[in-house]
Amino acid sequence: MSEYRTIAAAPVLVAAFLDQIFGVDPVTGRVLWEHKQAGAGYSSTALLITPAAIYAASFSSVACLRYPTGELLWEAKAAAQGRATLLLEGDRLFVAKQGEVECFSLTGQSLWHNQFKGKGMGPVALGVPDNVAQPDDKD
């Protein structure tokens with residue numbers, strides 16, 4: 001058997017901060033690729049990573065990059081601003097910020113947005129059975 005088939009490549013480490021997303025070689029620390037999200041700011045970026053995609057929500061936008069290459073597949077302006085909680089369920093990406101929830105298709109189309117008017121604002125937990133995303137308590 002060839003060495004190619006017996007040694008698997010290390011997965012690409014994804015790091016995100018200040019609306020920037022980086023693909024990093026986990027063995028060497030070398031930056032392999034980078035993407036700057038729209039709506040540059042000084043906020044954190046929430047990540048959700050599958051074997052095929054990287055979903056990233058910055059202060060004012062949501063993006064989907066191909067994993068592991070970092071190729072931009074789509075980017076959309078989010079209805080709400082702030083730190084996000086992300087939940088992927090079936091063919092829907094749910095993005096929650098400051099007491100609001102927005103639902104995106106996996107092609108980046110906003111399908112609906114609920115502001116929960118009159119209910120307050122703050123970090124949002126999202127979940128369905130066996131799939132829960134807890135918020136970061138920092139606003």
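How many cavities of 30 Å³ or more does the structure hold, and which residues line the second largest cavity?

A: This is a predicted model, in which local features need pLDDT of at least 70 and side-chain atom pairs count only at pLDDT 80 or more, while totals for chains, interfaces and linings use all residues. Residues are numbered from 1 along each chain as its sequence is written, and side-chain values use heavy atoms, with hydrogens and water left out.

The structure holds two cavities of 30 Å³ or more, a cavity being a set of points on a 1 Å grid over the protein atoms alone where a 1.4 Å probe fits but cannot get out; points are joined across faces, edges and corners, and the volume is the space filled by probe spheres set on them. The second largest cavity has a volume of about 40 Å³, and its lining, meaning residues with an atom within 4 Å of a point, consists of Ala78, Ala80, Val95, Ala96, Lys97, Glu100, Val101, Glu102 and His113. The elements giving two or more residues to this lining are β9 and β10 (100–105), where strands are DSSP runs (E, at least two residues) numbered from the N terminus.

Six bridges join β9 to β10, and the two run antiparallel, strands being paired if DSSP finds at least two bridges between them. Across this pairing, Val95 stands opposite Glu102 in β10, and both residues belong to the cavity lining.

Note on methods:
On a 1 Å grid over the protein atoms alone, a cavity is a set of points where a 1.4 Å probe fits but cannot get out, and a pocket is an open set with protein on both sides within 12 Å along at least five of seven lines; lining residues have an atom within 4 Å of a point. Helices (H or I, at least four residues) and strands (E, at least two) are DSSP runs, numbered from the N terminus.
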